[in-house]
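Work through these exercises with the model open beside you.

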Amino acid sequence: MEFTRLGYMIKEWEDIHYPTPIIVSPLVKKIEERMSALNLKQRDTAKLLGISEGRMSELLSGKRKVSIRVAKRLRDSLNINSDFILDNL
């Protein structure tokens with residue numbers, strides 16, 4: 001039990017002093033660019049893609065990968081080049 005507590009303390013210290021850089025995928029950047037260009041909020045984009053707001057949040061944060069179904073909707077709804085999508089899945 002002491003080791004677990006100590007492990008959490010070390011993790012907290014490392015997170016503060018040595019944060020891991022967040023790497024944003026090129027596809028997420030492109031989605032955010034298209035959202036901005038079309039003046040869409042995350043909620044609007046989720047509705048446009050036929051997914052939940054929670055799933056949209058997970059896609060943009062990198063916690064969830066883009067499925068083929070969503071990739072097709074990105075191509076059709078946000079006019080993102082299909083080759084770009086496939087290269088960055």
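**Exercise 1.** Is Arg43 buried or exposed?

*Solution.* Start with the ground rules. This is a predicted model, where local features need pLDDT of at least 70, side-chain atom pairs count only at pLDDT 80 or more, and totals for chains, interfaces and linings use all residues. Residues are numbered from 1 along each chain as its sequence is written, and side-chain values use heavy atoms, with hydrogens and water left out.

Next, take the cut-offs: buried is under 20% relative accessible area, exposed is over 50%, and partly exposed lies in between (1.4 Å probe, protein chains only). Arg43 has 52% relative accessibility, so Arg43 is exposed.

**Exercise 2.** Find the salt-bridge partner of Arg43 and say what the pair ties together.

*Solution.* A salt bridge needs a side-chain nitrogen of Lys or Arg within 4 Å of a carboxyl oxygen of Asp or Glu. The partner is Glu53, with the closest N and O atoms 3.9 Å apart. Glu53 lies in helix 4 and Arg43 in helix 3, so the bridge ties together parts that are ten residues apart in sequence. Helices here are DSSP runs (H or I, at least four residues), numbered from the N terminus. Glu53 is partly exposed, at 46%.

The count by this rule is five salt bridges. Among them, Arg64 meets Glu58 at 2.8 Å, N to O. Arg64 is partly exposed at 39%, and Glu58 is partly exposed at 29%.

**Exercise 3.** Describe the largest nonpolar core, then look around Met56.

*Solution.* A nonpolar core is a set of buried Ala, Val, Leu, Ile, Met, Phe, Trp, Tyr and Cys residues joined through side-chain atoms within 4.5 Å. The largest has 17 residues; Ile31, Ile51, Met56, Val66, Val70 and Leu74 have the most contacts inside it. Helix 2 (26–37), helix 3 (42–49), helix 4 (53–61) and helix 5 (68–78) each give two or more residues to this core.

Now Met56. Contact means heavy atoms within 4.5 Å. Beyond four places in sequence, Met56 touches residues including Ile31, Met35, Thr45 and Ile51. Thr45 sits in helix 3 and is buried, at 0% relative accessibility.

**Exercise 4.** Which residues of helix 5 are buried, and how are they arranged?

*Solution.* The buried ones are Val70, Ala71, Leu74 and Leu78.
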